[in-house]
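Here are some notes to go with the structure, for you to read with the model open.

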4 protein chains.
Amino acid sequence: MRASATPAEVAHVVTLIEEAGAGVHVDAGGEFTVIGAIGDRAIVAGLPLEAVAGVEKVVPLRKEYKRVSREFRSRDTIVTVGGSPIGGGNFAMLAGPCSIESYEQTLASAQAVKAAGGVVLRGGAYKPRTSPYAFQGLGLEGLRILRAVGDEVGLPVTTELMDARDLEDVVEHVDMIWIGARNMQNFNLLSEVGRAPRPVMLKRGMSATVEELLMAAEYVAKEGNDDIILCERGIRTFERSTRFTLDVGAIPVLKAETHLPIIVDPSHAAGKRSLVMPLAMAAVAAGADGLIVETHPTPEHALSDAAQQIPSAEFGAFVADIERLLAVTGRTPSR
Amino acid sequence: MRASATPAEVAHVVTLIEEAGAGVHVDAGGEFTVIGAIGDRAIVAGLPLEAVAGVEKVVPLRKEYKRVSREFRSRDTIVTVGGSPIGGGNFAMLAGPCSIESYEQTLASAQAVKAAGGVVLRGGAYKPRTSPYAFQGLGLEGLRILRAVGDEVGLPVTTELMDARDLEDVVEHVDMIWIGARNMQNFNLLSEVGRAPRPVMLKRGMSATVEELLMAAEYVAKEGNDDIILCERGIRTFERSTRFTLDVGAIPVLKAETHLPIIVDPSHAAGKRSLVMPLAMAAVAAGADGLIVETHPTPEHALSDAAQQIPSAEFGAFVADIERLLAVTGRTPSR
Amino acid sequence: MRASATPAEVAHVVTLIEEAGAGVHVDAGGEFTVIGAIGDRAIVAGLPLEAVAGVEKVVPLRKEYKRVSREFRSRDTIVTVGGSPIGGGNFAMLAGPCSIESYEQTLASAQAVKAAGGVVLRGGAYKPRTSPYAFQGLGLEGLRILRAVGDEVGLPVTTELMDARDLEDVVEHVDMIWIGARNMQNFNLLSEVGRAPRPVMLKRGMSATVEELLMAAEYVAKEGNDDIILCERGIRTFERSTRFTLDVGAIPVLKAETHLPIIVDPSHAAGKRSLVMPLAMAAVAAGADGLIVETHPTPEHALSDAAQQIPSAEFGAFVADIERLLAVTGRTPSR
Amino acid sequence: MRASATPAEVAHVVTLIEEAGAGVHVDAGGEFTVIGAIGDRAIVAGLPLEAVAGVEKVVPLRKEYKRVSREFRSRDTIVTVGGSPIGGGNFAMLAGPCSIESYEQTLASAQAVKAAGGVVLRGGAYKPRTSPYAFQGLGLEGLRILRAVGDEVGLPVTTELMDARDLEDVVEHVDMIWIGARNMQNFNLLSEVGRAPRPVMLKRGMSATVEELLMAAEYVAKEGNDDIILCERGIRTFERSTRFTLDVGAIPVLKAETHLPIIVDPSHAAGKRSLVMPLAMAAVAAGADGLIVETHPTPEHALSDAAQQIPSAEFGAFVADIERLLAVTGRTPSR
């Protein structure tokens with residue numbers, strides 16, 4: 001409460017909290033009165049206390065996420081995608097082209113991923129593009145190519161879901177659904193994939209706090225789907241020498257706050273091929289449970305994100321470097 | 001090109017641009033070579049030049065938005081909502097509760113809005129909430145209440161559309177669709193409302209650049225719907241003494257870049273009732289074409305955003321202050 | 001404390017607080033224990049509690065600034081510069097060239113400022129420039145010109161102090177010292193001007209929080225100099241369509257938190273001449289106690305910040321527009 | 001130029017560039033005219049082109065830094081501090097307490113640093129503190145302790161210089177001067193240390209771009225001192241779960257742009273002891289030439305930054321982990 005709050009104002013706040021069914025503790029010993037509300041965070045957080053006369057500020061002490069928190073489950077969750085375990089010491093390499101452009105291009109990329117030891121093939125069929133005039137993806141046709149290529153080379157596949165109306169198609173064709181950064185707070189979509197029979201990879205929004213990422217995951221978990229992989233992919237800051245700023249500190253923070261696996265997308269954070277490897281190495285060293293990397297047979301001819309895709313011919317060496325680093329960190333590549 | 005680029009590298013870039021059908025100008029006079037690509041921005045922007053050997057950086061000189069640009073239409077677009085003109089010198093007050101909670105609450109808020117001279121009633125039926133445990137809105141029942149109240153008091157109404165599957169219901173019940181900040185880059189949703197027979201208010205994402213906001217509007221316009229109102233509502237920065245940082249400079253920047261009306265939501269930027277008025281005044285002084293303000297009969301009992309809603313009883317005085325300011329700026333309140 | 005904290009860990013924290021001479025309140029009623037430390041903020045803030053086993057987080061409830069807070073003095077401080085009152089309802093226009101380049105240029109700018117009703121002449125003699133190859137200011141010669149021109153036209157003058165070794169020269173020649181954004185946390189310099197016999201204008205650092213700005217002012221006030229004017233000049237964000245993002249919300253936040261006058265520099269936030277007026281209008285409408293604006297007789301030939309300076313010939317019209325706005329806000333131009 | 005620019009406006013811009021002594025190339029082939037100015041960046045950058053009628057925007061293609069750029073010197077600079085090489089494949093561990101509090105505390109910290117293989121002892125004598133009521137450092141007495149301890153254990157020493165008036169004392173007592181983040185744009189101080197006979201470690205400001213950091217280094221180099229080590233220590237973003245956001249991407253960007261060594265301070269970015277190691281590992285994996293880490297014999301009793309200091313007893317294990325990682329990256333610990 002403000003130092004100038006009247007006893008009546010203090011009493012009014014106490015009444016509001018009690019009426020909501022929460023416990024109250026009042027500490028009037030100092031220069032100003034501190035009121036503690038003890039009870040379900042969802043109830044207490046719902047109280048409009050900041051609008052009440054005499055209130056200086058409201059400081060939440062309890063976290064709003066439950067099912068995804070370490071308190072809820074202390075052991076690491078291991079998410080299995082097409083037989084490959086991710087998390088809990090199992091390090092996974094997910095890779096593939098930014099966009100599915102054709103069967104041939106996807107196959108070439110997939111073969112490089114498989115040969116290098118990757119465990120999941122990524123590829124965009126529905127593409128979120130800043131410009132309406134840019135290539136928007138092959139849609140359902142892309143899903144079919146992705147599935148066929150995955151079966152051909154023996155890799156589970158994942159693609160981005162942008163629209164709840166495409167959920168059935170996506171579930172039919174892929175082994176894991178991914179929710180992109182721009183949809184991290186598309187709450188309806190989160191609830192839908194929370195009811196889908198597939199693991200979900202949830203990418204952090206470019207201006208989402210770690211807490212908001214966990215609340216987004218809670219939307220998925222609340223519907224019963226606990227097979228969630230979180231993905232840090234860079235946040236938006238004033239610095240423009242990289243496309244986004246990889247928040248490498250979020251990795252250990254998330255490892256402490258949640259039992260879910262955390263992977264990192266170095267490609268989008270980098271925005272430029274020469275920066276992908278250093279960011280990937282940093283992510284692994286900071287404790288990431290996996291990477292998701294863009295690789296294309298001929299980046300110069302890619303229809304999207306050309307600048308940041310690693311040529312398929314170099315992907316084996318890329319993974320070998322990562323695995324050398326992994327060896328000194330006590331984690332094992334998932335196979 | 002890098003200073004170290006070889007003639008072969010320069011020639012390769014020139015070839016790539018020419019193959020794409022764009023013109024090329026090469027300036028090799030200085031320490032390093034500058035290559036200009038002249039042609040359709042969508043084509044040139046699609047070229048993966050940053051991935052090509054020898055390229056130092058790619059600097060776009062032409063804007064990617066077309067239909068929403070001032071170059072496309074030099075005169076201000078006036079969007080008419082339920083008979084009230086917005087933009088082109090017509091200043092509009094849009095107001096109403098954060099969420100539609102009941103008929104009575106919505107009616108009380110609407111009557112205050114009408115009495116004060118507001119021209120559009122806002123109210124959320126589908127609510128994007130950070131927490132899955134928070135009030136999520138009344139949905140279709142909320143739309144019905146909003147329509148009934150609008151008709152009762154004689155105000156056109158607007159509500160947020162979060163999901164393309166609700167588009168028909170929303171079109172049936174409201175006079176203007178609004179797209180929230182978290183969906184500013186939900187490109188499918190943008191294209192859908194681009195085909196809907198209603199004006200669209202598009203809120204800026206909390207980490208979207210001005211250019212990205214215009215590209216999002218371009219998605220709507222590309223489908224044929226030019227009745228678009230842009231809304232600045234605060235961006236995410238390091239500063240936390242306000243809920244968001246109102247980017248007041250975006251108002252004159254947008255006025256120069258686009259012919260679309262720009263309104264401002266001071267409530268979400270402020271996050272606190274006492275800050276709503278100063279931010280509203282600032283927005284008006286900087287040239288906004290309107291405001292969208294949250295007002296509630298009894299904020300203390302609001303189910304969402306309680307701290308930032310203006311009590312309905314004070315709303316008339318709020319509008320009167322705004323109109324006094326308006327009088328010295330050469331704009332007229334829309335009626 | 002963490003939910004997993006042991007009683008011994010709780011007891012250890014209590015001991016640490018008590019040993020520091022602060023009171024303690026322990027609330028162990030809920031899922032986890034909350035420990036309140038009651039006492040001097042400087043003492044409590046100095047405790048290394050976040051390093052102690054079992055501690056989840058430390059939440060400061062009391063502000064660290066004292067002398068500059070509203071609690072310390074509830075009435076607005078009015079700072080007088082050369083006879084002109086600033087703050088407490090007195091609105092001041094401070095203006096002049098970015099840099100002092102010559103007697104003639106400074107005089108021309110000053111005459112326009114005086115004619116328009118400005119009350120303080122600004123001009124940079126020591127210039128903080130990003131590049132060591134850019135014009136660095138005329139130094140002492142600039143101070144002499146500034147003083148001579150101020151005396152000639154009858155305006156008090158202010159200049160930026162960058163280096164404590166120049167303090168004597170600056171005190172000798174100007175009526176108010178200004179501390180630039182890049183030196184807002186140059187704590188030695190703050191303490192020095194806290195002992196100087198001149199009012200101080202303190203500009204907010206480009207990434208300083210409102211609280212850090214107030215703590216910087218506290219450094220000045222602690223040494224005995226309470227004649228402090230705070231200046232908001234835009235913060236650094238991801239948005240680059242303006243040079244900085246004017247944090248217009250900081251104006252009402254500061255008015256609530258401190259008794260010191262708040263002025264705004266729209267020129268540096270804008271970075272472009274056409275944006276200066278809208279930002280200036282916004283600042284005035286949001287409650288600023290004054291403006292500091294760059295104006296130059298021939299901006300095209302300015303040696304620094306050419307793009308954002310208002311031509312002296314247009315400055316009278318600029319001020320007239322501001323004063324029309326001021327008239328509806330209940331403040332009076334300082335003379 | 002704007003599409004609407006007149007031939008006279010184009011001609012005027014050409015004249016301005018030519019008068020400044022730079023070459024001009026005009027490309028009028030497209031929808032709008034592009035004017036290239038070819039010549040010394042310092043001259044061209046000084047032209048007030050953005051203030052000139054008809055100009056749409058000014059895009060700098062050449063970098064403003066010279067002496068610190070890779071173009072100026074392609075081989076890595078190796079800075080030697082007290083006989084230990086830093087950079088060019090030599091990885092250096094700099095460590096010590098946040099503040100020098102006493103001879104005993106500094107000695108205990110230094111012995112742990114020496115034993116673990118650290119090559120430079122750090123310790124703050126002049127402390128930049130947000131609050132004027134916090135411990136401000138021991139000053140000259142601190143310098144004496146630092147020198148004595150360094151001699152005792154056989155480690156070169158470094159301390160932060162905040163004020164040019166302390167330069168002589170600092171030069172007399174330490175082997176390397178460090179400039180803190182808050183003084184990265186204290187240009188006078190930069191020029192002073194550019195003339196000092198000591199290597200300089202320059203920390204990146206919390207909201208400084210990579211380019212601004214390099215321009216700050218250019219201030220030092222311009223005066224003749226090329227023994228500069230750059231230090232990334234976290235930037236300010238919206239995310240608050242770490243004290244700052246470590247910009248790990250800046251490491252490879254800087255390695256490409258400059259020949260100077262880059263070290264990383266994981267302690268200040270983390271703000272919390274448990275996060276220091278993951279950030280340190282990330283920095284090493286991303287290619288840093290060294291680390292500067294805070295370590296204290298008893299962090300619980302530290303007078304500053306208690307939460308983020310590593311206990312001296314654990315420092316050996318910390319360094320051993322770092323060196324295991326280093327072994328797979330092809331760099332050698334400096335001794």
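This is a predicted model: local features need pLDDT of at least 70, side-chain atom pairs count only at pLDDT 80 or more; totals for chains, interfaces and linings use all residues.

Which residues of α3(B) meet which residues of α4(B)?

1. The α3(B) and α4(B) contact. From α3(B) come Y103(B), T106(B), L107(B), A110(B), Q111(B) and K114(B), and they meet I145(B), L146(B), A148(B), V149(B), E152(B) and V153(B) of α4(B). Sorted by class, this contact holds eight nonpolar, two polar and two charged residues.

2. Geometry of that helix pair. Two packed helices are described by the angle between their axes and by the distance between those axes. Here helix α3 spans residues 103-116 of chain B and helix α4 spans residues 140-153 of chain B; the angle is about 40° and the axes are 9 Å apart. Oblique is therefore the word for how α3(B) lies to α4(B), since an angle under 35 degrees would have counted as roughly parallel. The crossing of α3(B) and α4(B) is right-handed.

3. Chain A as a whole. You will find eleven helices and 14 strands in chain A. Taken along the principal axes, the C-alpha atoms of chain A fill a box of roughly 75 × 45 × 35 Å. Chain A has 335 residues, and 56% of them are buried. Of the contacts in chain A with a separation of 6 or more, 65% are between residues 24 or more positions apart.

4. Strand β9(A). Please look at both faces of this strand, residues 200-203 of chain A, as both are covered. V200(A) and L202(A) are buried on one side, and M201(A) and K203(A) are buried on the other. The strand β8 (residues 176-179) of chain A pairs with β9(A) in the parallel sense, over three bridges. In that pairing, I179(A) has L202(A) of β9(A) as its bridge partner, and L202(A) is one of the buried residues named above.

5. Where chain A touches chain D. The contact involves 31 residues of chain A and 31 residues of chain D. On the chain A side, two or more residues come from each of α8 (250-257), α9 (266-270), α10 (273-285) and α11 (315-327). The largest share, seven residues, belongs to α10(A). By class, the side of chain A that touches chain D divides into 20 nonpolar, eight polar and three charged residues.

6. Is V248(D) buried or exposed? V248(D) is buried, because 33 other C-beta atoms lie within 10 Å and 20 or more are enough for that label. Leaving aside residues up to four places away in sequence, V248(D) touches L246(A), V248(A), L279(A) and A282(A) in chain A, along with A282(D), A283(D) and A286(D) in chain D. From V248(D) to R233(D) is 15 residues in sequence and 9.4 Å in space, C-alpha to C-alpha.

7. Where chain B touches chain C. Chain B gives 31 residues to this contact and chain C gives 31 residues. On the chain B side, α8 (250-257), α9 (266-270), α10 (273-285) and α11 (315-327) each supply at least two residues, with the largest share, seven residues, coming from α10(B). The side of chain B that touches chain C has 20 nonpolar, eight polar and three charged residues.

Terms used: Residues are numbered from 1 along each chain as its sequence is written. Chains are lettered from A and ligands numbered from 1 in the order in which they are written. Two residues are in contact if their C-beta atoms, placed from the backbone, lie within 7 Å. Helices (H or I, at least four residues) and strands (E, at least two) are DSSP runs, numbered from the N terminus. Ala, Val, Leu, Ile, Met, Phe, Trp, Tyr, Cys and Pro count as nonpolar, Asp, Glu, Lys and Arg as charged, and the others, Gly among them, as polar. Axes are lines fitted to C-alpha atoms, for helices over the stretch in contact, and angles run from 0 to 180 degrees between N-to-C directions. Angles under 35 degrees count as roughly parallel, over 145 as roughly antiparallel, 65 to 115 as roughly perpendicular and the rest as oblique. A crossing is left-handed if the near helix is turned anticlockwise from the far one by less than a right angle, and right-handed if clockwise. A residue is buried if 20 or more other C-beta atoms lie within 10 Å of its own, exposed if 12 or fewer, and partly exposed in between; C-beta atoms are placed from the backbone. Two strands pair if DSSP finds at least two bridges between them.
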